[in-house]
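Before going through the assignments one by one, please look at the chain below and keep the working definitions in mind. Each answer sets a value against its definition and then concludes.

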Amino acid sequence: MISELYRRHVSALDCAECGISGYSQAAHSNQAIWGKSRGKKASDIATFPLCCQRIGELGCHYKHDNYLGITREEAAERETRYILQTILTLANTGKLKAVK
């Protein structure tokens, strides 16, 4: 699935890792089960909000993608949990209905 509207809804949420508001990006899963392959991002349904880099802060998106402080296995577990949380949050706010 490719949906700019869905990615915008995800980006509007607080960071799934640290909870900061206003800095989130739609982070794509790095797992092959979500469609990730060499040179191809995972489906947009497999996105979750992580904060971006900013002055004085690497940001959770960068840390996650570069496995800083976590193993690949821990990152994969987090991704699954964050993706499900994101889908549930958007469903509960009615924002999934607008996405086609």
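**Contacts, burial and packing**

The side chain of K63 makes a polar contact of 3.0 Å with the side chain of E57. This is a predicted model, in which local features need pLDDT of at least 70 and side-chain atom pairs count only at pLDDT 80 or more, while totals for chains, interfaces and linings use all residues. Residues are numbered from 1 along each chain as its sequence is written, and side-chain values use heavy atoms, with hydrogens and water left out.

Q: What makes the pair K63 and E57 a polar contact?
A: A polar contact is a pair of N or O atoms within 3.5 Å, where within protein one must be able to donate a hydrogen and the other to accept it, and residues adjacent in sequence count only if both atoms are side-chain atoms. The side chains of K63 and E57 come to 3.0 Å, and the pair is therefore listed as a polar contact.

Q: Where is K63 placed, and why is it called partly exposed?
A: K63 is in helix α2, helices (H or I, at least four residues) and strands (E, at least two) being DSSP runs numbered from the N terminus. Buried means under 20% relative accessible area, exposed over 50%, and partly exposed in between, with a 1.4 Å probe and protein chains only. K63 has a relative accessible area of 30%, so it is partly exposed. Leaving out residues up to four places away in sequence, K63 touches E57, L58 and L68, where contact means heavy atoms within 4.5 Å.

Q: What makes S29 buried, and which side chain does it join?
A: The relative accessibility of S29 is 1%, and S29 therefore counts as buried. S29 lies in the loop between β1 and β2, and its side chain is joined to that of E79 by a polar contact of 2.7 Å.

Q: Why is T47 called buried, and which residues does it touch?
A: T47, found in strand β2, has 0% relative accessibility and so counts as buried. Not counting residues up to four places away in sequence, T47 touches Y6, V10, A26, A27, H28, I83 and T86. A polar atom of the T47 side chain also lies 2.7 Å from the backbone oxygen of D44.

Q: How do you know that β1 and β2 pair, and in which sense?
A: Two strands pair if DSSP finds at least two bridges between them; β1 and β2 pair in the antiparallel sense over five bridges. Within this pairing, S24 stands opposite C51 in β2.

Q: What makes β1 largely enclosed by the rest of the structure?
A: Strand β1 covers residues 24–28, and four of its five residues are buried, so the strand is largely enclosed by the rest of the structure.

Q: Why is α1 called roughly perpendicular to α3?
A: Helix α1 (residues 4–11) and helix α3 (residues 72–92) pack at an angle of about 100 degrees, with their axes 11 Å apart; axes are lines fitted to C-alpha atoms, for helices over the stretch in contact, and angles run from 0 to 180 degrees between N-to-C directions. Angles under 35 degrees count as roughly parallel, over 145 as roughly antiparallel, 65 to 115 as roughly perpendicular and the rest as oblique, so α1 is roughly perpendicular to α3. The contact is made by Y6, H9 and V10 of α1 together with T86, I87 and L90 of α3.

Q: How do the residues of the contact of α1 with α3 divide?
A: They divide into four nonpolar, two polar and no charged. Here Ala, Val, Leu, Ile, Met, Phe, Trp, Tyr, Cys and Pro count as nonpolar, Asp, Glu, Lys and Arg as charged, and the others, Gly among them, as polar.

Q: Why do Q53 and R54 count as partly exposed?
A: Q53 has 48% relative accessibility and therefore counts as partly exposed, and R54, at 23%, also counts as partly exposed. Q53 is in the loop between β2 (47–51) and α2 (60–65), and R54 is likewise in the loop between β2 and α2. The side chain of R54 reaches the backbone oxygen of C52 at 2.7 Å.

Q: What is noted about phi of Y67?
A: Phi of Y67 is near 55 degrees, a positive value in a residue other than glycine. Most residues other than glycine have a negative phi. Y67 is in the loop between α2 and α3.
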